[in-house]
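Me: I would like to learn how to read salt bridges in a model. Please start with the overall picture and then go through single pairs.

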Amino acid sequence: MADYVLAIDQGTTSSRAIIFDHSGQIVESGQLEHEQIFPKAGWVEHDAQEIWKNVREVVGLALTRANLTYNNLAAVGITNQRETAVVWDKTTGEPVYNAIVWQDTRTQKIVEELGGSEGAEKYKAKVGLPLATYFSGPKVKWILDNVEGARAKAEAGDLLFGNTDTWVLWNMTGGKDGGVHVTDVTNASRTMLMDLATLSWDSEIAADMTIPMSMLPEIRSSSEVYGKGREGGMVPGVPIAGILGDQQAATFGQACFEVGMAKNTYGTGNFMLINTGEKPIASENGLLTTVCYKIGDKPAVYALEGSIAVTGSLVQWLRDNLGMIKDAPEIEELAKTVDDNGGAYFVPAFSGLFAPYWRAGARGALVGLTRYVNKGHIARATLEATAFQTREVLDAMNADSGVHLTELKVDGGMVQNELLMQFQADILGVTVVRPKVAETTALGAAYAAGIAVGFWEGEQDVINNWAEDKRWEPSMDADTRDKLYRNWKKAVTKTFNWVDSDTES
């Protein structure tokens with residue numbers, strides 16, 4: 001019996017496969033990390049072949065651990081790190097270069113050249129995004145400009161592009177032997193190449209970026225059958241029927257289906273989305289206009305998004321680069337050894353600042369240091385950085401949407417950190433709510449796939465399955481909140497304009 005849906009969550013640091021039952025509960029999972037490749041300062045890459053190998057392995061792990069086979073699966077959904085660009089040869093199936101990750105800043109000069117006299121706002125009215133290194137389009141141009149032979153192959157029609165959703169789907173459905181070259185509207189909306197109004201590729205922008213249209217995947221809805229698992233593969237004949245970029249998937253999994261509902265995902269970075277309904281809203285406050293989801297033939301639903309580059313990865317940095325902790329969860333215990341941040345503020349602008357500043361020339365800063373500050377204070381400042389950055393995004397969201405949130409749904413790995421969740425509620429001055437199933441990214445992709453094949457009836461089933469686990473109420477007085485936030489804003493200004501021609505090539 002096909003009583004389950006499998007979600008593949010191809011994330012920034014790992015790939016996971018999670019099996020869900022009809023009530024939206026996790027049955028079993030598998031997870032494998034992949035290498036983070038840093039060839040130069042500001043460059044971040046992944047090996048796309050390693051990602052594909054890991055995806056196959058985690059699907060096998062999840063099915064084996066659950067004592068299930070592909071025959072038990074009604075559908076497969078895919079969710080993925082957005083903006084991470086893969087370019088590959090359709091005849092060999094081999095990537096022509098490593099995947100260039102969303103955090104990568106090497107395309108800054110390309111971005112500046114594209115903007116010309118019009119600057120970062122050049123395409124924003126069409127695509128909802130400022131010109132920034134974050135998005136996929138300039139990364140594809142960089143590969144075509146810098147990998148020997150790539151442009152000639154692309155112009156001959158031999159190269160394909162996709163975010164990692166497209167790369168995984170193409171391989172799952174046959175690869176060089178008939179793989180389906182498709183993406184969904186949410187991923188397409190992060191390339192800087194899709195017109196938000198028509199939900200189609202914009203040939204003029206593609207021409208500006210010198211990207212042949214033949215490289216681009218077909219844009220489809222977030223919930224429909226794109227193809228079936230190839231024969232001899234891990235899920236032969238199973239419909240692959242849902243694709244959502246990771247943050248849109250989490251919004252879907254959190255049942256944010258009404259205008260004004262918002263969620264914040266705490267992962268490698270932080271991403272807050274608010275549902276704005278069937279019309280895109282242009283941001284005046286540094287947010288992104290993006291597609292939230294599209295179910296089959298129904299109209300697309302849009303969102304405003306605040307993207308923060310470094311939150312969970314700052315904890316990783318303390319672990320891997322400084323050796324201050326051995327495991328990420330240790331940071332909470334270390335932070336609890338002190339009562340406050342001791343005056344220290346950590347602004348993790350490792351790859352510039354994203355929302356609401358969009359300053360590519362910023363770099364990280366630890367400020368307010370005195371002899372009093374110890375590693376406990378630095379641990380606390382690390383966690384507080386996540387909460388402060390979220391406050392900045394929420395302020396922008398309130399200003400753009402005209403809706404003042406009274407509670408924030410949260411998900412992702414860091415929401416198990418109760419010290420952070422309480423501080424988040426305190427610094428926002430709003431209630432923070434964690435669901436029982438915190439893996440809402442994978443869950444959203446599962447729901448999209450399951451709805452497409454009739455396993456779930458529609459959004460109401462998602463709403464019915466959502467359940468609250470815990471909530472945190474603000475307990476900080478307004479004067480303390482204002483003082484801490486004022487000092488944070490001061491700390492952020494110390495990161496501006498660090499990169500210039502003398503400091504980074």
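Reply: A search of the whole structure gives 31 salt bridges, each being a side-chain nitrogen of Lys or Arg within 4 Å of a carboxyl oxygen of Asp or Glu. This is a predicted model, where local features need pLDDT of at least 70 and side-chain atom pairs count only at pLDDT 80 or more, while totals for chains, interfaces and linings use all residues. Residues are numbered from 1 along each chain as its sequence is written, and side-chain values use heavy atoms, with hydrogens and water left out.

Me: Why do such pairs form at all?

Reply: Side chains of opposite charge can pair when their charged atoms come close.

Me: Which residue does K53 pair with, and where do the two lie?

Reply: K53 pairs with E57, with 3.6 Å between the closest N and O atoms. Both are in helix 1 (residues 48-65), four residues apart, about one turn of the helix. Helices here are DSSP runs of H or I with at least four residues, numbered from the N terminus.

Me: What does the salt bridge between D208 and K122 tie together?

Reply: Their closest N and O atoms are 3.7 Å apart. D208 lies in helix 8 (residues 203-208) and K122 in the loop between helix 2 (108-115) and helix 3 (124-127), so the pair links parts 86 residues apart in sequence.
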